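Hello,

Here is the structure I said I would hand over. Please have it open while you read the notes below it.

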Amino acid sequence: MRPTREQDELRASVRSVLARHEGGAAWEPLTRQIGVAAPSVPMAYGGLGCGLPDVGVVAEELGRALSSVPYLGSAVLPVTALLASGDWDACARLLPGLAEGTRTGALAWAEDGGWDAGAITTRAEPRRPAADEDVLSGRKEFVLAGPGRPDVCLVFARDDRGRLGLYELKHREGTFTPVPTLDRTRPLARLVLDRAPARLLAADGEGVLARVRDVAATVLAAEQVGGAERALEDTGRYVGGRVQFGRPVGSFQAVKHRLADLYTAVESARSLALAAAHADAEPLAAAAAAVCSETYETVAGEMIQLHGGIGVTWEHPAHEHLKRAHGSARLLGPPAAHRSRIATALGLAVDAG
């Protein structure tokens, strides 16, 4: 699966912008000059109508740069949820602004119990029996929202019969509070809802959540591959220039073997991430989530070791990659949870212990 010419050009453009703009400052040029918020939005709603492989190209470059722009949180999660909801009026109203990058979005999904649908306890109650409006109460954790409050916020909640639905918060309701994180390049927030007015977008929340989780896992896997690749490149460059006992450290056979193993792991993870993007199916998405998470953690850990004392300096890129790798590996649930999803999808027994 070789990249197309358009994908190569997209990759080069994103990398060029990220080289000129650091942190959140890159979001405006990325959206206005390249349109990175638009690939997953259909052309009917002002987007580019691209597939997951193109979305993954952008994610991979953002992962290489340890970028803090709200790509996954705004351009992927809420867009996927809106499209999966089947509420075309809401899509026509919300997607154009998200595709342009003039509005940011967020999807409030996880709670204290984790990322599975069974952990969602946020309640939706009718404000008035005849009104087309509900009120939500609960607390959401690990919301990918930042910097600032998102313009569009979608929430998974359960009605009085326990059915999971997707809701759109009205009137910028709810209290968003930034939370301290290990990975400072990935802002997360807590959302507290106290009878916040909301509109039901999809009654089949289970189906919407399953779709969102597969897409999110696939895009995050591409981001992790980008981070692992950059970490490996930087490590190879360092050991090639670090001289010990009169010769570069990278010339020692033991170091060569470690780098070769890491290279093999990264390329294997890349192949799986690409396969998941092209197949767009649950088993491969879950497999990519598990393997790419573990690969990035392994490469980041080896980067620390092969950089020696420099690698434990808090501000050094090696430490930044280590924190991003560990944070990303648990962002949608740990690798073991993804492997359980694979077993369930294949009809295999899952050990509850």
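**Cavities**

Grid points are joined across faces, edges and corners, and a volume is the space filled by probe spheres set on the points.

Before going on, note that this is a predicted model, in which local features need pLDDT of at least 70, side-chain atom pairs count only at pLDDT 80 or more, and totals for chains, interfaces and linings use all residues. Residues are numbered from 1 along each chain as its sequence is written, and side-chain values use heavy atoms, with hydrogens and water left out.

The lining of that second largest cavity is made of Leu-77, Leu-107, Trp-109, Trp-115, Phe-142, Val-143, Leu-144, Leu-331 and Leu-332. By class there are 9 nonpolar residues, with no polar and no charged ones. For these classes, Ala, Val, Leu, Ile, Met, Phe, Trp, Tyr, Cys and Pro are nonpolar, Asp, Glu, Lys and Arg are charged, and the others, Gly among them, are polar.

The model has 2 cavities of 30 Å³ or more. Helices (H or I, at least four residues) and strands (E, at least two) are DSSP runs, numbered from the N terminus.

**Pockets**

A pocket, unlike a cavity, is an open set of points with protein on both sides within 12 Å along at least five of seven lines. The largest pocket has about 440 Å³ of volume. Of its 19 lining residues, Leu-18, Arg-64, Ala-65, Leu-66 and Arg-230 are the closest to the centre. At least two residues of the lining come from each of helix H1 (5-20), H3, H6 and H9. The classes are 5 nonpolar, 6 polar and 8 charged.

For the second largest pocket, the volume is about 280 Å³. Of the 19 residues in its lining, Arg-11, Pro-53, Val-57, Glu-60 and Leu-274 lie closest to its centre. Two or more lining residues are given by each of H1, H3, H6 and helix H7 (253-279). Here 10 residues are nonpolar, 5 polar and 4 charged.

**Helix H9**

H9 (residues 317-328) has 12 residues and spans 16 Å from first C-alpha to last, close to the 16 Å expected at 1.5 Å a residue. The expected span is 1.5 Å times one less than the number of residues. H9 is largely enclosed by the rest of the structure, because 9 of its 12 residues are buried. Buried means under 20% relative accessible area, exposed means over 50%, and partly exposed is in between (1.4 Å probe, protein chains only). The buried residues of H9 include Ala-318, His-319, Leu-322 and Ser-328. Among the elements covering them are helix H3 (52-64), helix H6 (205-241) and helix H8 (282-306).

**Single residues**

Ala-81 sits in helix H4 and is buried, at 0% relative accessible area. Apart from neighbours within four places in sequence, Ala-81 is in contact (heavy atoms within 4.5 Å) with Leu-107, Leu-154, Leu-166, Val-208 and Val-212.

Leu-66 is not a glycine, yet has a positive phi of about 50°. Leu-66 lies in the loop between H3 and H4 and is buried, at 14% relative accessibility. Phe-142, in strand E3 (residues 134-143), also is not a glycine and has a positive phi of about 55°. Phe-142 is partly exposed, at 37% relative accessibility.

**Cysteines**

How many disulfides are there? The count is 0, where a disulfide is a pair of cysteine sulfur atoms within 2.5 Å. The sulfur of Cys-91 has its closest cysteine sulfur in Cys-153, and at 16 Å this is too far for a bond. Cys-91 is buried at 0% relative accessibility, and Cys-153 is buried at 6%.

Regards

Note on methods: On a 1 Å grid over the protein atoms alone, a cavity is a set of points where a 1.4 Å probe fits but cannot get out, and a pocket is an open set with protein on both sides within 12 Å along at least five of seven lines; lining residues have an atom within 4 Å of a point.
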